[in-house]
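User: Could you walk me through this model, starting with how far I can trust it?

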Amino acid sequence: MIGLHTGDLTEIAVLGAHCDDIAIAVGGTLLTLAKSHPDVRVRALVLSGGGTAREQEERAALSAFCGAMPLEVTVDDIPDGSAPALWGRVKDSVRAFARTCSPEVVLAPQRHDAHQDHRLLAEIVPTEFRDHLVLGYEIPKWESDLPSPTVFHPLDATVAQEKSDLLHRHYPSQVARDWFDEETFLGLARLRGVMCRSRYAEAFVLEKASLAFGTPTTTATPAIEGVTP
């Protein structure tokens, strides 16, 4: 499998509709970046949970996943399940967030997610991050909506296990749910690993990108450069 490179990273943005979405979807990627690129800044936006115990869970969890990486977290208070009815508030929240950061890579829900809050966020993100590499992540849940991913980020086995451990440690409000267990998190990661010849992986849907051929150098244009509509 041929790798495509983002080029040098200084900042990434991660967006989720609910507390725990980001950690479940890209926790392994954050852990990997924290170990290999601790100077990369992480800007996070979560649409719901502000002012509740879940916000405290989220802040502690993202701090653990990001390690030494500089981290700023914004948690809004849009009611869970009501994002489509509050389209204007969601749009304003994402727009305000986008104006405070300059990421090379944006991680957000994928456009065909069956959960209405995830899907709306996925539709709005490319309209506010138009000149970025936007990768749509997947979230396992009751709905049969897992995508056919096109981009894979391999994970070491120790990272995959650490992700599962941190999820259980930092989201006590969710551990009683029938799907919130190690088999779910490692099972999906193992399947995505099979697809990219790795033990484990996290997977993404590529929104849109321009391609530059050749071997990337420190002064060349990144081999894959995000351009959204």
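Predicted model: local features only at pLDDT ≥ 70, side-chain atom pairs only at ≥ 80, totals over all residues.

User: OK, what is the mean pLDDT of the chain?
Analyst: The mean is 93, and 94% of the residues reach 70 or more, where pLDDT is the predictor's confidence in each residue, from 0 to 100.

User: And where does pLDDT stay under 50?
Analyst: That applies to residues 219-229, for which the model has 38 contacts beyond four places in sequence, a contact being heavy atoms within 4.5 Å.

User: Switching to helices, at what angle do H5 and H6 cross?
Analyst: The axes of H5 (residues 157-170) and H6 (residues 182-195) cross at roughly 150° and come within 10 Å. Helices here are DSSP runs of H or I with at least four residues, and strands are E runs of at least two, numbered from the N terminus. Axes are lines fitted to C-alpha atoms, for helices over the stretch in contact, with angles from 0 to 180 degrees between N-to-C directions. H5 and H6 are therefore roughly antiparallel, given that angles under 35 degrees count as roughly parallel, over 145 as roughly antiparallel, 65 to 115 as roughly perpendicular and the rest as oblique.

User: Which residues meet there?
Analyst: From H5, Ala160, Gln161, Ser164, Asp165, Leu167 and His168 meet Glu182, Phe185 and Leu186 of H6.

User: How does H1 lie relative to H5?
Analyst: The axes of H1 (residues 21-36) and H5 come within 9 Å and cross at roughly 125°, which makes H1 oblique to H5. The residues of H1 that meet H5 include Ala23, Gly27, Leu31 and Lys35, and among their partners in H5 are Val159, Lys163 and Leu166.

User: Last one: is Val75 buried or exposed?
Analyst: Val75 counts as buried because its relative accessibility is 13%; buried means under 20% relative accessible area, exposed over 50% and partly exposed in between, with a 1.4 Å probe and protein chains only. Val75 is found in strand E3 (residues 71-75).

User: What is Val75 in contact with?
Analyst: Leaving aside neighbours within four places in sequence, Val75 is in contact with Cys19, Val46, Ser48, Gly49, Gly50, Glu55 and Arg59. Val75 and Leu47 are 28 residues apart in sequence and 6.0 Å apart in space, C-alpha to C-alpha.

Conventions. Residues numbered from 1 in each chain as written. Heavy atoms only, no water.
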